[in-house]
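Trainee: Could you pick the inside of this one and take me through it closely? I'd like to see how the packing is put together.

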Amino acid sequence: MSYLLIGNISALIGHDCVEPLVNARIRVYLPALQARGNKQTAKDMFSDMQPLSAKEVLLKADRLIAEAVLDSKGNFSLSWNEVHLFTEELELDLCLDQLPGKNGSTRPRNFHLSRLVLHWKRNNAGYVGAYAYVIPADIWQQIYANAGAWVVTGLVKEAPGRIGQPGLMVEAYNALSDDVIGKAYTNETGRYYLYFSRKEIGKGRMITVRNGQVGTGPQLYFKIYRDGQLVWEENKKAAEHPERKELSHCSQVDIVFKPSRVKKASDWLSELMTLKSTRKKKSGAYRLLTYSSLL
(Lines give C-alpha, C1' and ligand atoms only; values in the text may rest on other atoms or scores of the structure.)
Protein backbone atom coordinates (compact mmCIF):
# COMPACT_ATOMS: atom_id res chain seq x y z
CA MET A 1 0.00 0.00 0.00
CA SER A 2 1.08 3.60 -0.59
CA TYR A 3 0.67 6.73 1.50
CA LEU A 4 -0.16 10.26 0.30
CA LEU A 5 0.20 13.18 2.69
CA ILE A 6 -1.03 16.66 1.68
CA GLY A 7 -1.14 19.85 3.69
CA ASN A 8 0.02 23.39 4.32
CA ILE A 9 2.57 25.13 6.53
CA SER A 10 2.41 28.87 7.14
CA ALA A 11 3.33 31.44 9.78
CA LEU A 12 1.49 34.18 11.63
CA ILE A 13 2.42 37.83 11.27
CA GLY A 14 0.66 39.61 14.09
CA HIS A 15 -2.72 38.22 15.06
CA ASP A 16 -4.54 37.71 11.76
CA CYS A 17 -2.13 37.69 8.82
CA VAL A 18 -0.76 34.40 7.50
CA GLU A 19 2.45 34.13 5.50
CA PRO A 20 2.98 30.97 3.42
CA LEU A 21 6.35 29.26 3.78
CA VAL A 22 7.57 29.38 0.20
CA ASN A 23 10.34 26.90 -0.74
CA ALA A 24 10.61 25.47 2.77
CA ARG A 25 10.94 21.68 3.06
CA ILE A 26 8.89 19.28 5.13
CA ARG A 27 10.34 15.90 6.14
CA VAL A 28 8.58 12.78 7.41
CA TYR A 29 10.45 10.27 9.60
CA LEU A 30 9.75 6.93 11.15
CA PRO A 31 9.82 7.23 14.93
CA ALA A 32 12.95 6.30 16.83
CA LEU A 33 13.01 2.70 18.08
CA GLN A 34 12.82 3.77 21.72
CA ALA A 35 9.73 5.88 20.93
CA ARG A 36 7.78 3.05 19.28
CA GLY A 37 5.06 1.71 21.49
CA ASN A 38 5.24 4.66 23.86
CA LYS A 39 1.92 6.29 24.63
CA GLN A 40 1.45 9.54 22.75
CA THR A 41 0.72 12.64 24.79
CA ALA A 42 -1.04 15.87 23.91
CA LYS A 43 2.21 17.70 24.61
CA ASP A 44 3.91 15.79 21.81
CA MET A 45 1.15 16.63 19.35
CA PHE A 46 0.57 20.32 20.02
CA SER A 47 3.84 21.71 21.41
CA ASP A 48 5.51 24.55 19.50
CA MET A 49 8.21 23.63 17.03
CA GLN A 50 11.69 23.19 18.42
CA PRO A 51 15.04 23.96 16.71
CA LEU A 52 17.24 21.02 15.70
CA SER A 53 21.02 21.04 15.56
CA ALA A 54 22.92 19.73 12.53
CA LYS A 55 23.93 16.69 14.59
CA GLU A 56 20.30 15.90 15.51
CA VAL A 57 19.30 16.09 11.84
CA LEU A 58 22.15 13.78 10.84
CA LEU A 59 21.26 11.19 13.48
CA LYS A 60 17.75 10.78 12.08
CA ALA A 61 18.76 10.59 8.41
CA ASP A 62 18.30 6.79 8.27
CA ARG A 63 14.68 7.17 9.42
CA LEU A 64 13.66 9.63 6.65
CA ILE A 65 10.89 8.23 4.44
CA ALA A 66 9.75 11.29 2.44
CA GLU A 67 10.56 14.95 1.80
CA ALA A 68 8.78 17.70 -0.19
CA VAL A 69 9.21 21.39 -1.07
CA LEU A 70 6.37 23.78 -0.23
CA ASP A 71 4.89 25.78 -3.13
CA SER A 72 4.11 29.52 -3.35
CA LYS A 73 1.10 29.09 -1.06
CA GLY A 74 2.82 26.86 1.48
CA ASN A 75 1.11 23.71 0.20
CA PHE A 76 2.85 20.35 -0.08
CA SER A 77 2.19 16.84 -1.31
CA LEU A 78 4.41 13.82 -0.67
CA SER A 79 4.04 10.07 -0.92
CA TRP A 80 5.84 6.87 0.03
CA ASN A 81 5.34 3.13 -0.04
CA GLU A 82 4.17 1.28 3.04
CA VAL A 83 6.99 0.89 5.54
CA HIS A 84 4.99 1.25 8.75
CA LEU A 85 1.53 0.62 10.19
CA PHE A 86 -1.10 3.31 9.58
CA THR A 87 -1.69 3.32 13.34
CA GLU A 88 1.96 4.11 14.01
CA GLU A 89 3.11 7.64 14.82
CA LEU A 90 5.44 9.64 12.59
CA GLU A 91 7.79 12.57 13.10
CA LEU A 92 7.50 15.75 11.03
CA ASP A 93 10.32 18.29 10.67
CA LEU A 94 10.72 21.58 8.81
CA CYS A 95 13.80 22.96 7.04
CA LEU A 96 14.11 26.69 6.23
CA ASP A 97 17.23 27.19 4.11
CA GLN A 98 15.79 30.56 3.03
CA LEU A 99 13.02 32.72 4.39
CA PRO A 100 10.12 33.72 2.09
CA GLY A 101 11.22 36.26 -0.49
CA LYS A 102 14.75 34.75 -0.37
CA ASN A 103 15.29 37.17 2.46
CA GLY A 104 18.01 37.43 5.10
CA SER A 105 20.97 35.13 5.67
CA THR A 106 20.95 31.79 3.87
CA ARG A 107 21.74 28.78 6.06
CA PRO A 108 20.03 25.55 7.16
CA ARG A 109 17.42 26.13 9.87
CA ASN A 110 15.87 22.86 11.02
CA PHE A 111 12.90 22.48 13.36
CA HIS A 112 10.94 19.60 14.83
CA LEU A 113 7.23 20.17 14.18
CA SER A 114 5.38 17.26 15.71
CA ARG A 115 5.30 13.59 16.63
CA LEU A 116 1.81 12.24 16.05
CA VAL A 117 -0.41 9.51 14.62
CA LEU A 118 -1.97 10.96 11.46
CA HIS A 119 -5.61 10.29 10.62
CA TRP A 120 -5.43 8.23 7.45
CA LYS A 121 -8.31 7.65 5.07
CA ARG A 122 -8.34 4.45 3.02
CA ASN A 123 -8.99 4.49 -0.74
CA ASN A 124 -8.30 2.15 -3.66
CA ALA A 125 -4.67 3.28 -4.02
CA GLY A 126 -3.77 3.32 -0.35
CA TYR A 127 -4.00 5.83 2.50
CA VAL A 128 -4.51 9.58 2.28
CA GLY A 129 -3.81 11.98 5.15
CA ALA A 130 -3.61 15.71 5.78
CA TYR A 131 -1.47 17.91 8.01
CA ALA A 132 -1.36 21.67 8.62
CA TYR A 133 0.77 23.78 10.89
CA VAL A 134 0.86 27.52 11.61
CA ILE A 135 4.04 28.88 13.21
CA PRO A 136 3.14 31.16 16.14
CA ALA A 137 3.81 34.88 15.61
CA ASP A 138 6.42 35.21 18.38
CA ILE A 139 8.48 32.29 17.05
CA TRP A 140 8.25 33.55 13.46
CA GLN A 141 9.34 37.01 14.61
CA GLN A 142 12.41 35.52 16.30
CA ILE A 143 13.33 33.50 13.21
CA TYR A 144 13.24 36.67 11.09
CA ALA A 145 15.30 38.56 13.68
CA ASN A 146 17.97 35.83 13.77
CA ALA A 147 18.19 35.98 9.96
CA GLY A 148 18.55 39.79 9.93
CA ALA A 149 15.42 40.07 7.81
CA TRP A 150 12.10 41.93 7.79
CA VAL A 151 8.66 41.34 6.30
CA VAL A 152 6.03 44.10 6.16
CA THR A 153 2.54 43.22 4.98
CA GLY A 154 -0.85 44.86 4.78
CA LEU A 155 -3.87 45.68 2.63
CA VAL A 156 -3.87 48.55 0.11
CA LYS A 157 -7.25 50.31 -0.17
CA GLU A 158 -8.40 53.43 -2.01
CA ALA A 159 -10.64 54.51 0.88
CA PRO A 160 -11.54 53.29 4.38
CA GLY A 161 -13.92 50.34 4.32
CA ARG A 162 -13.25 49.45 0.67
CA ILE A 163 -11.82 46.14 -0.48
CA GLY A 164 -8.12 45.74 -1.21
CA GLN A 165 -6.82 46.82 -4.61
CA PRO A 166 -4.98 44.15 -6.67
CA GLY A 167 -2.20 44.77 -9.18
CA LEU A 168 -0.69 47.84 -7.52
CA MET A 169 3.01 48.31 -6.90
CA VAL A 170 4.00 49.35 -3.38
CA GLU A 171 7.33 51.12 -3.03
CA ALA A 172 8.79 51.58 0.46
CA TYR A 173 11.34 54.22 1.46
CA ASN A 174 13.58 54.41 4.50
CA ALA A 175 12.87 57.80 6.06
CA LEU A 176 16.37 57.95 7.55
CA SER A 177 18.07 57.90 4.15
CA ASP A 178 15.24 58.34 1.56
CA ASP A 179 16.47 55.16 -0.14
CA VAL A 180 14.08 52.62 -1.66
CA ILE A 181 14.37 49.50 0.46
CA GLY A 182 11.75 47.32 -1.22
CA LYS A 183 9.02 46.94 -3.84
CA ALA A 184 6.06 44.58 -3.95
CA TYR A 185 2.84 44.03 -5.90
CA THR A 186 -0.55 43.55 -4.27
CA ASN A 187 -2.16 40.15 -4.80
CA GLU A 188 -5.75 39.36 -5.76
CA THR A 189 -7.01 40.51 -2.34
CA GLY A 190 -4.95 43.71 -2.30
CA ARG A 191 -2.33 42.39 0.14
CA TYR A 192 1.37 43.06 -0.32
CA TYR A 193 4.40 41.33 1.22
CA LEU A 194 7.49 43.53 1.35
CA TYR A 195 10.85 41.87 2.09
CA PHE A 196 14.17 43.47 2.98
CA SER A 197 17.24 42.77 5.11
CA ARG A 198 19.96 44.65 6.96
CA LYS A 199 21.83 45.49 3.77
CA GLU A 200 18.81 47.45 2.44
CA ILE A 201 18.62 49.58 5.61
CA GLY A 202 22.36 49.98 6.11
CA LYS A 203 22.26 53.66 5.20
CA GLY A 204 20.94 56.25 7.59
CA ARG A 205 21.47 56.46 11.31
CA MET A 206 20.15 54.52 14.28
CA ILE A 207 17.47 56.04 16.50
CA THR A 208 17.25 55.58 20.26
CA VAL A 209 13.68 54.69 21.16
CA ARG A 210 11.94 55.75 24.36
CA ASN A 211 12.93 52.79 26.51
CA GLY A 212 16.59 53.60 25.97
CA GLN A 213 17.31 50.69 23.64
CA VAL A 214 18.76 51.22 20.20
CA GLY A 215 16.33 50.07 17.52
CA THR A 216 17.43 48.42 14.30
CA GLY A 217 14.27 48.59 12.21
CA PRO A 218 13.58 51.29 9.60
CA GLN A 219 10.98 54.06 9.50
CA LEU A 220 8.95 53.69 6.32
CA TYR A 221 6.87 55.86 4.03
CA PHE A 222 5.23 54.61 0.82
CA LYS A 223 4.40 55.36 -2.80
CA ILE A 224 1.74 53.55 -4.87
CA TYR A 225 1.92 52.89 -8.63
CA ARG A 226 -0.69 51.59 -11.08
CA ASP A 227 0.59 50.34 -14.46
CA GLY A 228 3.86 52.15 -13.89
CA GLN A 229 2.14 55.47 -13.15
CA LEU A 230 2.52 57.12 -9.76
CA VAL A 231 -0.99 57.52 -8.30
CA TRP A 232 -0.21 58.39 -4.67
CA GLU A 233 2.76 59.27 -2.52
CA GLU A 234 2.85 59.55 1.22
CA ASN A 235 4.22 62.52 3.12
CA LYS A 236 7.58 61.61 4.62
CA LYS A 237 6.35 62.77 8.03
CA ALA A 238 4.07 59.72 8.14
CA ALA A 239 7.17 57.69 9.02
CA GLU A 240 7.34 59.59 12.32
CA HIS A 241 4.10 58.05 13.60
CA PRO A 242 4.71 55.74 16.59
CA GLU A 243 3.48 52.65 14.71
CA ARG A 244 6.02 53.33 11.92
CA LYS A 245 9.09 53.86 14.08
CA GLU A 246 11.60 51.03 14.42
CA LEU A 247 9.38 48.46 12.73
CA SER A 248 9.58 44.98 14.17
CA HIS A 249 10.88 42.16 11.99
CA CYS A 250 7.31 41.02 11.22
CA SER A 251 5.00 44.02 10.87
CA GLN A 252 1.57 44.89 9.50
CA VAL A 253 1.01 48.27 7.82
CA ASP A 254 -2.27 48.84 5.97
CA ILE A 255 -2.24 51.62 3.37
CA VAL A 256 -5.35 53.69 2.66
CA PHE A 257 -4.80 56.17 -0.17
CA LYS A 258 -6.66 58.66 -2.35
CA PRO A 259 -5.35 58.73 -5.94
CA SER A 260 -3.70 62.06 -6.74
CA ARG A 261 -3.54 63.79 -10.10
CA VAL A 262 0.06 63.00 -10.91
CA LYS A 263 0.93 63.27 -14.62
CA LYS A 264 4.12 62.70 -16.54
CA ALA A 265 5.86 65.77 -17.95
CA SER A 266 5.43 64.37 -21.47
CA ASP A 267 1.68 63.98 -20.93
CA TRP A 268 1.42 67.53 -19.61
CA LEU A 269 3.39 68.93 -22.58
CA SER A 270 1.25 66.97 -25.04
CA GLU A 271 -1.94 68.37 -23.51
CA LEU A 272 -0.50 71.93 -23.63
CA MET A 273 0.39 71.60 -27.34
CA THR A 274 -3.08 70.23 -28.11
CA LEU A 275 -4.68 73.14 -26.26
CA LYS A 276 -2.58 75.71 -28.18
CA SER A 277 -3.42 74.05 -31.50
CA THR A 278 -7.13 74.10 -30.68
CA ARG A 279 -6.99 77.77 -29.77
CA LYS A 280 -5.22 78.66 -33.05
CA LYS A 281 -7.84 76.82 -35.11
CA LYS A 282 -10.66 78.60 -33.31
CA SER A 283 -8.94 81.97 -33.77
CA GLY A 284 -8.41 81.34 -37.50
CA ALA A 285 -12.04 80.31 -37.99
CA TYR A 286 -13.19 83.50 -36.23
CA ARG A 287 -11.06 85.75 -38.51
CA LEU A 288 -12.39 83.96 -41.63
CA LEU A 289 -15.96 84.49 -40.42
CA THR A 290 -15.25 88.22 -39.87
CA TYR A 291 -13.78 88.72 -43.36
CA SER A 292 -16.75 86.91 -44.93
CA SER A 293 -19.23 89.20 -43.24
CA LEU A 294 -17.42 92.30 -44.55
CA LEU A 295 -17.59 91.22 -48.20
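Predicted model: local features only at pLDDT ≥ 70, side-chain atom pairs only at ≥ 80, totals over all residues.

Mentor: Let's start with a word we'll need: a residue is buried when its relative accessible area is under 20%, exposed when over 50%, and partly exposed in between (1.4 Å probe, protein chains only). Numbering runs from 1 along each chain as its sequence is written, and side-chain values use heavy atoms, with hydrogens and water left out.

Now the inside. A nonpolar core here is a set of buried Ala, Val, Leu, Ile, Met, Phe, Trp, Tyr and Cys residues joined through side-chain atoms within 4.5 Å. The largest has 40 residues, and L5, L21, Y131 and W140 have the most contacts inside it. Its top contributor is strand β1 (residues 2-13), with five residues; strands are DSSP runs of E, at least two residues, and helices runs of H or I, at least four, numbered from the N terminus. A separate second core of 21 residues takes in I181, L194, F196 and V231, among others.

Zoom in on L21. Contact means heavy atoms within 4.5 Å. Beyond its neighbours within four places in sequence, L21 meets, among others, I9, L70, L94, I135 and W140. Across the protein, 73% of contacts with a separation of 6 or more join residues 24 or more positions apart.
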